[in-house]
Amino acid sequence: GPLNLADKEYWKRAAKHWNTEPEVAKKSNCSNCAAFDVSLRMKDCMPGETSDKDGELGYCWMHNFKCHSARTCYTWAAGGPISEDSISNSWQRKQEENKS
């Protein structure tokens with residue numbers, strides 16, 4: 001996602017990729033992505049304060065890194081965020097199985 005949330009060009013490119021309008025693309029971000037984990041167990045893993053005026057840090061199971069809820073990427077998937085520890089554990093087990 002954009003480093004600067006006010007980056008209008010980023011949202012135009014995202015909208016073009018998803019065949020929609022920038023205002024619609026802005027609503028598809030990590031905060032509502034199916035792979036974005038903000039469960040209590042994940043929050044316990046974060047390095048300290050994890051929120052600011054724009055949102056919070058969480059873990060992206062799709063790309064295996066921490067990310068901010070206001071960001072997005074082209075692999076965004078509806079249905080999130082992950083907020084239950086049991087679902088977070090399930091995503092972790094799948095990742096571990098895929099490494100085997």
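Is Asn 19 buried or exposed? I began my notebook with that residue. Asn 19 is exposed, because its relative accessible area is 72%. The cut-offs I used are under 20% relative accessible area for buried, over 50% for exposed, and partly exposed in between, with a 1.4 Å probe and protein chains only.

**Entry: ground rules**

I am working on a predicted model, where local features need pLDDT of at least 70, side-chain atom pairs count only at pLDDT 80 or more, and totals for chains, interfaces and linings use all residues. Residues are numbered from 1 along each chain as its sequence is written, and side-chain values use heavy atoms, with hydrogens and water left out.

I looked up the confidence next. pLDDT is the predictor's confidence in each residue, from 0 to 100. The protein averages 92, and 100% of the residues score at least 70. Among the elements, strand E2 (residues 51-52) has the lowest mean pLDDT, 88. Strand E1 has the highest, 97. Helices (H or I, at least four residues) and strands (E, at least two) are DSSP runs, numbered from the N terminus.

I went back to Asn 19. Its place is in the loop between helix H1 (8-18) and H2. Its phi is positive, about 55 degrees, although Asn 19 is not a glycine. Asn 64 also has a positive phi, about 60 degrees, and is not a glycine. I found Asn 64 in the loop between strand E3 (55-60) and E4. Asn 64 counts as partly exposed, at 40% relative accessibility.

Then I checked the peptide bonds. Gly 80 and Pro 81 are joined by a cis peptide bond, with omega about 10 degrees. Pro 81 lies in the loop between strand E4 (65-68) and helix H4 (85-99). Why did I note these cases? Most residues other than glycine have a negative phi, and most peptide bonds are trans.

**Entry: cysteines**

How many disulfides does a search of the whole structure find? It finds zero. Cys 30 is in no disulfide, and the nearest cysteine sulfur, that of Cys 67, is 3.8 Å away. That is too far for a bond, because a disulfide is a pair of cysteine sulfur atoms within 2.5 Å. Cys 30 counts as buried, at 10% relative accessibility. Cys 67 counts as buried too, at 15%.

**Entry: aromatic rings**

I searched the whole structure for aromatic pairs and got four. Rings of Phe, Tyr and Trp (its six-membered ring) pair if their centres lie within 6.5 Å; planes under 30 degrees apart count as stacked, over 60 as edge-to-face and the rest as tilted.

Trp 18 is partly exposed at 23%, and Tyr 74 is partly exposed at 40%.

Tyr 59 and Trp 61 make another pair, with centres 4.7 Å apart and planes at 70 degrees, so that pair is edge-to-face. Trp 61 counts as buried, at 6%.

Which residues form one aromatic cluster? They are Trp 18, Tyr 74 and Trp 76.

I then followed Ser 28, which touches Trp 18, Thr 72 and Trp 76, not counting residues up to four places away in sequence. Contact means heavy atoms within 4.5 Å. Ser 28 is in the loop between helix H2 (22-25) and strand E1 (36-37). Ser 28 is buried, with a relative accessible area of 12%.

**Entry: charges**

I counted four salt bridges. The rule asks for a side-chain nitrogen of Lys or Arg within 4 Å of a carboxyl oxygen of Asp or Glu.

One of them joins Lys 26 and Glu 23, at 3.4 Å from N to O. Another joins Lys 43 and Glu 56, with the closest N and O atoms 3.3 Å apart. Lys 43 lies in helix H3 (residues 40-45) and Glu 56 in strand E3, so the pair ties together parts that are 13 residues apart in sequence. Lys 43 is partly exposed at 35%, and Glu 56 is partly exposed at 23%.

Lys 53 forms a salt bridge with Asp 54, the closest N and O atoms being 3.4 Å apart. Lys 53 counts as exposed, at 78%, whereas Asp 54 is partly exposed, at 39%.
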